[in-house]
Amino acid sequence: MDGIIEAISSFASQEPAIYYLIIGIIGAVVLSAVVNIGAMYVIWLEVKLLGDFSARYGPNRVGGRWGLLQIVADAIKLFTKEDSIPASADKPVYVWAPIVASMATMLVAAAIPFGALYFNGKYYPLVVANMDISAFYVEAALSLLVIAAFMAGYSSNNKYSLLGAFRGIARMISYEVPMGVCVISVAIMAHSLNLAEIAQNQTLWYAFAQPLGFGIFIVALITDLGRIPFDQSEAEEEIICGYTTEYGGIRWGLILFQEYNNMLLGSILLTLLFLGGWAGPIIPVPGLSIISPLIWMFMKVVIVLWFLIWTRSALLRLRIDQVTDLGWKVLLPLSIVNLAWAVVVGSYFA
Amino acid sequence: MGISDVIPVPVAVDEEISKWTIFGQPVADVWFTTTEKIHQIIEMGPIKNIFNWGRKNSVYFLMQPMGCCGVEMFVFGAAPYDCTRFGCMPRNTPRQTDVMIISGYITRKYLPVIKNLWEQMVEPKWCVAIGECAISGGPFYDSYNIIQNTADYFPIDVFVPGCPPRPEQFLEALMNLQEKIKQRKDKRGY
Amino acid sequence: MTTASDVLSAVQSAFPGAVLESRVESDRRLWATIDSNSIVDVCKHLSEKLNFDHYSGAAGVDWIARKEMEVVEIMASHGAHQVVAMLKSKTPRENPSVKSLANLFWNANWYEREIWEMFGINFEGHPGLYPLLLGDELVGVWPWRKDFKGYPDLTTGQRAVERPTSEGYTEYFIPPTPAEIEAGTVPKEKPKYPSFREREEKEIKSDSEMIMHMGPQHAMLPGPFLLDILIEGERVHKAFLDMGYIHKGIEKIMENRTWLQGLTYTDRMCYVASLSNNECYCGAIEKILGLEVPLRAQYIRVILEELSRIQSHLIGTGEFMTLIAGVGYAPWNFMIIDRESIISLIESVTGARLTHTFVRFGGVRNDLPEGFSDKCRSALKYIESRTKEYIELFEQDPIYHMRMENVGVLSPDRAKRVGISGPPLRATGVAYDMRKEDPILVYPDLDFKVVTGTRGDSADRIDVRLREILESIHIIEQCLDRIPAGPIKTETKVPKKIPAGEAYYRVEDPRGEMGMYVISDGGDKPYRVKVRGPVYATLQTLPPLLEGVYIADAVAIAGSMDGCPSEADR
């Protein structure tokens, strides 16, 4: 064991470029596998939970009585469909939009710790790029999604798509600001912009230390994810499927996966920022103590996902002007109040 | 005037891309229409069975209520009959659907509309005719405004008689279609 | 109370010589043939002086043997009195033309357009005679005339010629039938008018406006029709409505079927209210025959019609909720589950889920099954508790109030003027219900109140529907208590040939006022059946209501009207 580590470190010092290339490729492959399989089962969870909320079974024909392979069937179908591009579409932009969307998601995923391992009395966060400013970076990378949405909406040459893209932009702009201010408040309290450190520094969960910020962040997160009551950009009964109207087959599959990727990443972000991340009592069983932070993290994320899906079956959709009103007139002032609160309380704790 | 007039469409970029080549083939070909070529390769192989397994278990239908059967279609999609058990879901845009349910009378005025919807759906796609009207015009067969020979316009795989059929018959039609896809006996040969 | 004879004498004294023929059928029905020159003045007098503020519709009749055509104007009142005046004006069959009422009554517009495209009767002074139900190919052949050669047309689909449009879409051209060509009745000169697309594109005033199509296939629509909205950003500036995507020509088909066969077509006019439509058709024929329906049959009819109202309101409300909440919204599924319990109840009596053909001339087809009463009571108890839950749910939901309140507000005056009926009218506070206005069956003996709203907005329309469910449950419970034993059909045999005569019969459909005007010439088939459906009036009201609202509101308004395009198109 020690020999292997030594050999690797000596290789890294001799050929740093090749070493980081190999590490980068491994990280990217693992990351995209984890994120995409995670997204598949977020979709599965949503379909099953939505069924449960509305007195239905949900898929139960493939993959046993829980329909566990349903999403695999969906993926195979989507990925083997015809690749259709509307004749009047702006082809390069149309083709690149889903790719840009996936790229933005992967950029976000790279900086988010998915959990941690515990050994020798220390937490080792599982993150591909452990940046010092990862909270700030994630915020910035999330806003790339709006560019992808606009590319898709504009290039489709469809009125529904265009309206959906406009709505998406109006919505995202008005909620990025309060969301950013919430992240700043958290950073002030945690004295760090590193997501892993923020998670570890929470002696008291920030959901309790700044409940206002927690509420605002949840609303802003749902808006960012474009879920009911804030799914105006894909309001099916108004503008069909919004900016994805003209997308079918694999391209739509990419956009769909990206949406659920974001849902997963959003829940992880919420857990890290406000719910103490992987904090929880270490299970005193030899094998389990290493992954016990992962178990806590997983449970918290599933609860957040459950909440996000529950809102979809229980709430109505807001109108776009009401959404922007809520963002600028209510959430932004409140988030600034929360910032002041975080400064006062944070300096007291310091 | 729309937005495409305000922001110039980068036609030049498009033309530029069409000039590039890779391995002697135009980039645009490889980039845009590879699925057809892939289809040709895998047409006969056993991998097709895996594809068809995926397709048969994930049949999204186009939400298009037309007549009495349209009301039963709502019920078919909702809780009491729950088509999502079979991986069947309603979608609203033809681009994202796999099966078109003709759920009623096709009139002179609606024929071009439904044909265009069918053409907008991406392959592989299937068509199911639900109810007497969709099969032959039903009780309105001799009207001046009704198309009787639906099967001449669409490759219909499953015909469901009834006026209107019960939601259970919708489920049966769905299962028949799945069986057809599995055995590669559907009209379009997927 | 004003009776039909009072109205007749008032008209005769105001316009001496204008009334050519008249018949007072009962206190509530007045039939009169008015001199075609003074029809506008008579209608104006009726609406201004005699409280006939409800223009209910118009029917065209082709009297080919007498070489003349008739336009029948149906006038009623919103509660001031209960007289329905059927005013006929005649015009020769060559170049038929009558005066238009479109400038007098706003909602006469669509009824006259329909008569023009079907019969070719020209309306002088009409603001725009464009086809409404027919495609452009059929305009000019006047399909509802008695000498229309293209009627039994079994080859429509085979004759269609496919051709692409300049934009790359598919279009079809369907040439006339061989019978038409042989008879030489193909019109050489088609009427000239701007097409629907040209008409809407003319309204685009600036570069920032565009037309968005909602339909013919759209997630919002309960069936195919075309709602085009002219939008600037998120604002709707103008709305245009095109129908006829599922026009089946039911009225023409019924003229070629026997009286009993025609009953099956009433089922398929509006498939969630088929019992009301059955009742309307049978009631009209019973009126011509002078049949008395046995008491037990009357109670059975009332029970089933109210059950059918409950299920219609449940699916209407549920569908509407998906429009403003998406299909993932759980109460939509709960409403469908509740509706299934009612459907299975109806099915246990009639044997069908949607299309029943259950009401028969002079009675009903079969008796209630054993144990129906207990099953019905327990189902109703369940529905009652659930409906109260829904009302409470919507009351407590802040987003529901934000989305629905003060959206699509109709004032009582405007609602009366545009001729809307049913829950959208009652939501404005006008207590206008056929079960009270034109009572049929045993409704006069039953205790129920007309549910009304106060604001006339989308929230009120849903609220009225939900509270009507409770009222219907109350009615059914009374019926189950009182239902007597006895025959379910009249003793007298209903003849194959109905004696010559005419009748206009109105019932309260779940969607509003449903009226059928049936003419018999003594044969075994109807001479003419005119259906005055509630959705036709509702859809006509829709475009002006959408002006100036947001797109999302347009969906909320159109959905709350609970339209059923199949009935409007017929």
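User: How many helices and strands are there in chain B?

Analyst: In this predicted model, where local features need pLDDT of at least 70, side-chain atom pairs count only at pLDDT 80 or more, and totals for chains, interfaces and linings use all residues, chain B has 10 helices and 7 strands. These elements are DSSP runs numbered from the N terminus, helices (H or I) having at least four residues and strands (E) at least two. Residues are numbered from 1 along each chain as its sequence is written, chains are lettered from A and ligands numbered from 1 in the order in which they are written, and side-chain values use heavy atoms, with hydrogens and water left out.

User: What share of the residues in chain B is buried?

Analyst: Of the 190 residues in chain B, 62% are buried, a label that requires under 20% relative accessible area, whereas exposed means over 50% and partly exposed in between (1.4 Å probe, protein chains only). Among contacts in chain B with a separation of 6 or more, 74% are between residues 24 or more positions apart, a contact being heavy atoms within 4.5 Å.

User: How do you know how much area chain C and chain B bury between them?

Analyst: Buried area is the accessible area (1.4 Å probe) lost by two parts on being put together, summed over both, and for chain C and chain B this comes to about 4600 Å², with 60% of it on carbon and sulfur atoms. On the side of chain C, the residues that lose the most area to chain B are Tyr172(C), Gln217(C) and Arg353(C), which together make up 14% of what that side buries. The contact involves 64 residues of chain C and 47 residues of chain B.

User: Why is the pair of Lys109(B) and Asp242(C) called a salt bridge?

Analyst: The term asks for a side-chain nitrogen of Lys or Arg within 4 Å of a carboxyl oxygen of Asp or Glu; the closest N and O atoms of Lys109(B) and Asp242(C) are 3.4 Å apart, so the pair qualifies. Between chain C and chain B the count is 5 salt bridges. On the side of chain C that touches chain B, the elements giving two or more residues are helix H4 (156–159), strand S9 (170–173), helix H7 (250–255), helix H10 (295–325) and helix H11 (330–350) of chain C, and H11(C) gives the most, with 7 residues.

User: What makes Arg166(B) and Glu347(C) a pair that joins two chains?

Analyst: Their side chains meet in a salt bridge at 2.4 Å, N to O. Because Arg166(B) lies in the loop between strand S7 (156–160) and helix H10 (167–182) of chain B, while Glu347(C) is in helix H11 of chain C, the pair joins two chains. With a relative accessible area of 28%, Arg166(B) is partly exposed.

User: What area do chain A and chain C bury between them?

Analyst: Chain A and chain C bury about 2700 Å² between them, 61% of it on carbon and sulfur atoms. Glu237(A), Leu316(A) and Arg319(A) supply 28% of the area that chain A buries against chain C, more than any other three residues.
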